[in-house]
There are 2 protein chains.
Amino acid sequence: MSVDEDERGDRDDFESVVAAARERIDPDEAERERLRAVADRLTERAEAAATERCPDADVIQVGSSARGTWISGDRDIDIFVRFPPELDRETLETYGLEVGHATVPDGHEEYAEHPYVKGTVDGFDIDVVPCFRLESATEIRSAVDRTPFHNRYLQNRLDEELAADVRLTKGFMKGVGVYGSDLRTRGFSGYLTELLVCEYGGFRELLEAAADWQPPIELDPEDHGRESFADPLVVIDPTDPERNVAAVCAADNVARFQHYAREFLEAPRTDPFDADAPDPLTESELRDHLERRGTTPVALRFDAPDLVPDQLYPQLRKSLAGVTDGLVDRGFDVFRGTTFADETAVLFVELAVAERPAVEHHRGPPVQVRTHAEGFYDAYADDTDVYGPFITEDRYVAERPREFTTARGFLGSDRLFDVGLGAHVETALETDYTVLTDDDITALCEEFGRELRRYFEPKP
Amino acid sequence: MSVDEDERGDRDDFESVVAAARERIDPDEAERERLRAVADRLTERAEAAATERCPDADVIQVGSSARGTWISGDRDIDIFVRFPPELDRETLETYGLEVGHATVPDGHEEYAEHPYVKGTVDGFDIDVVPCFRLESATEIRSAVDRTPFHNRYLQNRLDEELAADVRLTKGFMKGVGVYGSDLRTRGFSGYLTELLVCEYGGFRELLEAAADWQPPIELDPEDHGRESFADPLVVIDPTDPERNVAAVCAADNVARFQHYAREFLEAPRTDPFDADAPDPLTESELRDHLERRGTTPVALRFDAPDLVPDQLYPQLRKSLAGVTDGLVDRGFDVFRGTTFADETAVLFVELAVAERPAVEHHRGPPVQVRTHAEGFYDAYADDTDVYGPFITEDRYVAERPREFTTARGFLGSDRLFDVGLGAHVETALETDYTVLTDDDITALCEEFGRELRRYFEPKP
């Protein structure tokens, strides 16, 4: 087989796999018709309610449902109600909520940067969000004001074919776990994904570019960027030269997308498009992993703080880092760790070293530094719990009792609160927590079996 | 009590303690008479034998016995036979050995830089050493040629009182364990001690200076030094401007002398002059220490290489450092260690961590470095013994089986020979060695009980 035939073979594979994926990802005509009908009906309702209050208001559909870039099964409709910038903020909020309730009679109010109404109509999740209608995205007063600019920019660029490739890319990113700019995932936002597909010209072109990315990657579609960013992926917002659209996207998700891009180009398969959650890890599987690994698991479990995920996960990660530092500082080497949350929250740490001797080195000052040296020596010389002080090199050394000889001892003590913890995690721990070790860990399988399988059977 | 009275009280304590120490340290008249008689008789014998062969030869008594600086019980007499520098080296060696045998009929030949005769006469240990008689110490051809210059320099400076203080200082240094320039002790040589007493003007003056030493200390009695040295204590040889007399003296012995100097000045006691070896540590005491410390002892025991101590101990120390590095590199943290030798030799290590998990992190290249990254991923992706590769930050990580999960496993393997070992120690280990762990360690008590007490009950 010649190289040309070989390449053509790969291309055929690629196209056939992509075609199969599109079958599952693209909404069919009926689904699109249903969504369009609901969206149009609600837009009309919102327009009536808005112009009644403010004749100069208008209403636009935004987001993936407005641009044809939503994936089959997604059921989000975003309706933005734009008021003139002369309106004061308080009136905008009042009108916004009134219009929202008129549009989604069963809706409830939510609070992001400012309040909006969220609800369900005919099985679709509806957001009705008030914002200011501005001349330029650089004048925005809150993040939602930016959305209409994003919408207009993309609508001008996305033809049918690119919109289809956006859907395909989203499906791929979801499947490999890098989709979502929430602070739990720290991956690729919808807007970022659409920009990348536009910028590179399609799904395949994006994968081919990503396969050879040399982070930091810097894209500036409008060539108007003025700031520099330390992020591994920088995409200057076409509607705002001072903003990196990919600011939330963590290095591991950039690397992960790169990995799966290479893998898919080399051997196209449909499974990256399969985002099914894994089966929960069973207790006996967990035991098998721990026995095979020879590590010592420890977990702090407590009632999950009542926070939205975008607040909770950063706090959990900060707390995990703090607990890890606290353990490592005391000689309990950490092998790996993670954090989960549902009803309860867990800081999970796998230890390489779970016990330490009863003594620790305490290195004193050089003997020549007389005042300090004598102070150190006198402090320990008559302490029968201490070995030494003796001299090593030019210094006194004492071997004194170690505060904690087990990781569990440290985690169960008040010294836990000396480490850096997220504020609400700290409060939750102060209320109550359990330290799970060894076989107790299996108690986590019921609530966190899926997370445990991801942890113990890690994929790129 | 006024300050003056207080000081006078301390001084009285000091003087009375020193007087008691002198009682034990100073040889009495009978001892000195015996030594003098033997030394004079042997010197005459040596002179007769030397001038018979070379009329221009002469004989001198050197060393502490010649200068009245020996301690009661020392039984060394050093006789140097000086030949004119015109003599060729081979003839000097022949004559030297002949004179030696004539002087000490039961003597045997030993080999330092060149051969000499050593033997016992009337209970004294006699060295008869040939050397060249030179104009200046800078012309020396071997280290022994320097000795007559040292002898002359000190004899010109040591009066009765200083000689007595040299004896006192030696007794003190022996008692606190810093006396001896052999490479096991790495402490203060006799010549260095005599120079220090001369330079500071006495025992008390030396202690007072040492109590406030700020290493590096630089003394140059003849003010002729031209080199700079990195040692903590530098005493330029009055007979050789390029030589640091204290080059062998290690930082810990300088610090140790400083420590005991302060302690003695503050509360003079006779026990520093007491050099009695400690009682051997018993097996049950050893077990008690290990239980109290919670450490894991391991020891490599093997036949001691047939080397003089000045060659053996540096090799043992190098080997201990190599084994320590090998353990630490593999995650077996070392708490403390030491080395002993007698019939057998031992590298003794007390571990803080004796076991590790069955897996280890293997950090791969950044995913963006495509060729390396793909090579790493492909090497592990299908290995069922490996967890991952997965992505952390921007890199692949694999969790692969660890080569050694116990320190004992490493010490019993061929990988032991990858670490830096002294050449003769390596040969001895290649022949045979035993790994002792846990309670097996008590087997060391019989041969190394004293060393084990020094290790487990360390003094400054």
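Which residue in strand 8 of chain B stands opposite Ile236(B)?

Tutor: Opposite Ile236(B) stands Asn244(B), in strand 8 of chain B. The model is predicted, with local features requiring pLDDT of at least 70 and side-chain atom pairs pLDDT 80 or more, while totals for chains, interfaces and linings use all residues. Residues are numbered from 1 along each chain as its sequence is written, chains are lettered from A and ligands numbered from 1 in the order of writing, and side-chain values rest on heavy atoms, without hydrogens and water.

The pairing joins strand 7 (residues 233-237) and strand 8 (residues 240-244) of chain B in the antiparallel sense, over 2 bridges; pairing requires at least two DSSP bridges between the strands. Strand 7 and strand 8 of chain B form a hairpin, with 2 residues between them. Strands are DSSP runs of E with at least two residues, helices are runs of H or I with at least four, and both are numbered from the N terminus.

The overall setting may be described through chain A. Chain A has 15 helices and 15 strands, and its C-alpha atoms fill a box of roughly 85 × 70 × 45 Å along the principal axes. Of the 460 residues in chain A, 52% are buried (under 20% relative accessible area; exposed is over 50% and partly exposed lies in between, with a 1.4 Å probe and protein chains only). Among the contacts in chain A with a separation of 6 or more, 66% join residues 24 or more positions apart; a contact means heavy atoms within 4.5 Å. An automatic or database assignment supplies the domain bounds: domain 1 (1-139), domain 2 (158-276), domain 3 (283-355 + 405-456) and domain 4 (359-401) of chain A. The C-alpha centres of domain 3 and domain 4 of chain A lie 36 Å apart.

The two chains are related by symmetry. Chain A superposes on chain B by a rotation of 180 degrees with 0.0 Å of shift along its axis, at an RMSD of 0.1 Å (least squares on C-alpha atoms of residues with pLDDT of at least 70 in both copies). The two copies are therefore related as by a two-fold rotation axis. In chain A, the C-alpha of Val353(A) is nearest the axis, 3.7 Å from it. The same surface serves both copies, in that 100% of the contact residues of chain A recur in chain B.

Two helices illustrate the packing. Helix 9 (residues 251-266) of chain A has 16 residues and reaches 23 Å from its first C-alpha to its last, close to the expected 22 Å; the expected span is 1.5 Å times one less than the number of residues. Helix 9 of chain A is mostly covered, with 13 of its 16 residues buried. The buried residues include Cys445(B), Phe448(B), Leu452(B) and Phe456(B). They pack against strand 13 (387-392) of chain A and, within chain B, against helix 10 (283-293), strand 9 (296-303), strand 10 (334-341) and strand 11 (344-351).

Arg293(A) belongs to helix 10 (residues 283-293) of chain A. With a relative accessible area of 0%, Arg293(A) is buried. Its side chain makes a polar contact of 2.5 Å with that of Glu350(A) (N or O atoms within 3.5 Å; within protein, one must be able to donate a hydrogen and the other to accept it, and residues adjacent in sequence count only if both atoms are side-chain atoms). Setting aside residues up to four places away in sequence, Arg293(A) touches residues of both chains, among them Phe335(A), Phe456(A), Pro357(B), Tyr387(B) and Glu399(B).

Thr339(A) lies in strand 10 (residues 334-341) of chain A and counts as buried at 12% relative accessibility. A polar atom of the Thr339(A) side chain lies 2.9 Å from the backbone oxygen of Val346(A). Beyond its neighbours within four places in sequence, Thr339(A) is in contact with Leu316(A), Arg317(A), Leu320(A), Val346(A) and Leu347(A).

Thr296(B), in strand 9 of chain B, counts as partly exposed at 22% relative accessibility. The C-alpha atoms of Thr296(B) and Leu351(B) are separated by 4.9 Å, although the residues are 55 apart along the chain.
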